Amino acid sequence: MHDDLLRLARQLVSERMGDVPVQGEQANLRCAVRCAYYALFHMLSKQCADFFAGEDPNQRSRPAWVQAYRGLQHGMVRNRCGNSNYIIRFPTEIRFFAEKFVQLQKLRHSADYDPEARFVIESVLTAIEDAVSAMAAFEIVSEKDKRAFAVYVTTPLPR
């Protein structure tokens, strides 16, 4: 799903890249921002679901996998990604992912909730590339670190 969201984000921006302004230009740019953020979120949701319920569809409970996928909470992930006391314990690539997650979520909130926010193609393209870079960074870390991050963003911290 995350690849489809990135493709859609690029398509929404490319429709506006000509010389003539497009009807609904801001709506397209806002939607592209949302797609970039949700690409990150859905990639992480899948990672968590695969960790908790299993990657192989033939070896897992579908309801359990969906529950784990849907259990990821935007606010909790943002808070964990922004918690410098804990996030520093992860490899550089996961810290980069966490930084981009927080940035893209803030941008998505502006796209969703700020009627006066105006978006320009260059900043939206940067957001899309940030999502791509964050996912690529996440993909190269060890399975052990991916699993540790999945636990970190989904469960309460020890007291």
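**Helix packing and the nonpolar core**

In this predicted model, the residues of helix α8 that are buried are Asp145, Lys146, Phe149, Ala150, Tyr152 and Val153; buried stands for a relative accessible area under 20%, exposed for over 50% and partly exposed for values in between, with a 1.4 Å probe and protein chains only. These residues lie on the same side of α8, because they cover an arc of only 165° around the axis, the arc being that of the directions from the helix axis to the C-beta atoms. As the model is predicted, local features need pLDDT of at least 70 and side-chain atom pairs count only at pLDDT 80 or more, whereas totals for chains, interfaces and linings use all residues. Residues are numbered from 1 along each chain as its sequence is written, and side-chain values use heavy atoms, with hydrogens and water left out.

Helix α8 runs over residues 143–154, twelve residues in total, and spans 17 Å from its first C-alpha to its last, close to the expected 16 Å; the expected span is 1.5 Å times one less than the number of residues. The cover over its buried residues includes α2 (25–53), α4 (74–81), α5 (84–87), α6 (92–113) and α7 (121–139), where contact means heavy atoms within 4.5 Å.

Helix α4 can be described in a similar way. Its buried residues include Val77, Arg80 and Cys81. These cover an arc of only 95° around the axis and therefore sit on the same side of α4. Among the elements that cover the buried residues of α4 are α2, α5, α6 and α8.

What holds the middle of the picture is a nonpolar core, that is, a set of buried Ala, Val, Leu, Ile, Met, Phe, Trp, Tyr and Cys residues joined through side-chain atoms within 4.5 Å. The largest such core has 44 residues, and the members that touch the most others are Leu40, Leu44, Phe97, Phe101, Val124, Phe149 and Val153. At least two residues of this core come from each of α1 (2–14), α2, α4, α6, α7 and α8, and α2 supplies the largest share, with twelve residues. Another core, of five residues, lies apart from it and has Ala49, Trp65, Ala68 and Tyr69 among its members. In soluble globular proteins, nonpolar side chains tend to be buried together. Leaving out residues up to four places away in sequence, Val124 touches Val13, Leu29, Ala32, Val33 and Phe119.

Aromatic rings deserve a paragraph of their own. The whole structure holds 15 aromatic pairs; rings of Phe, Tyr and Trp (its six-membered ring) pair if their centres lie within 6.5 Å, and planes under 30 degrees apart count as stacked, over 60 as edge-to-face and the rest as tilted. Phe97 and Phe101 make a tilted pair, at 6.3 Å centre to centre and 35° between the planes. Both residues belong to helix α6 and are four residues apart, about one turn of the helix, and both Phe97 and Phe101 are buried. Phe138 and Phe149 form an edge-to-face pair, with 5.9 Å between centres and 65° between planes. Phe138 belongs to helix α7 and Phe149 to helix α8, eleven residues apart. Phe138 is buried at a relative accessible area of 0%, and Phe149 is buried at 0% relative accessibility. Ring pairs also join Tyr37, Tyr38, Phe41, Tyr86, Phe90, Phe97, Phe101, Phe138, Phe149 and Tyr152 into a cluster.

Gln105, in helix α6, is buried with a relative accessible area of 1%. Its side chain reaches the backbone oxygen of His74 at 3.3 Å, a polar contact being a pair of N or O atoms within 3.5 Å; within protein, one must be able to donate a hydrogen and the other to accept it, and residues adjacent in sequence count only if both atoms are side-chain atoms. Beyond residues up to four places away in sequence, Gln105 touches Tyr37, His74 and Arg78.

Pro63, in helix α3 (residues 62–70), is exposed with a relative accessible area of 61%.
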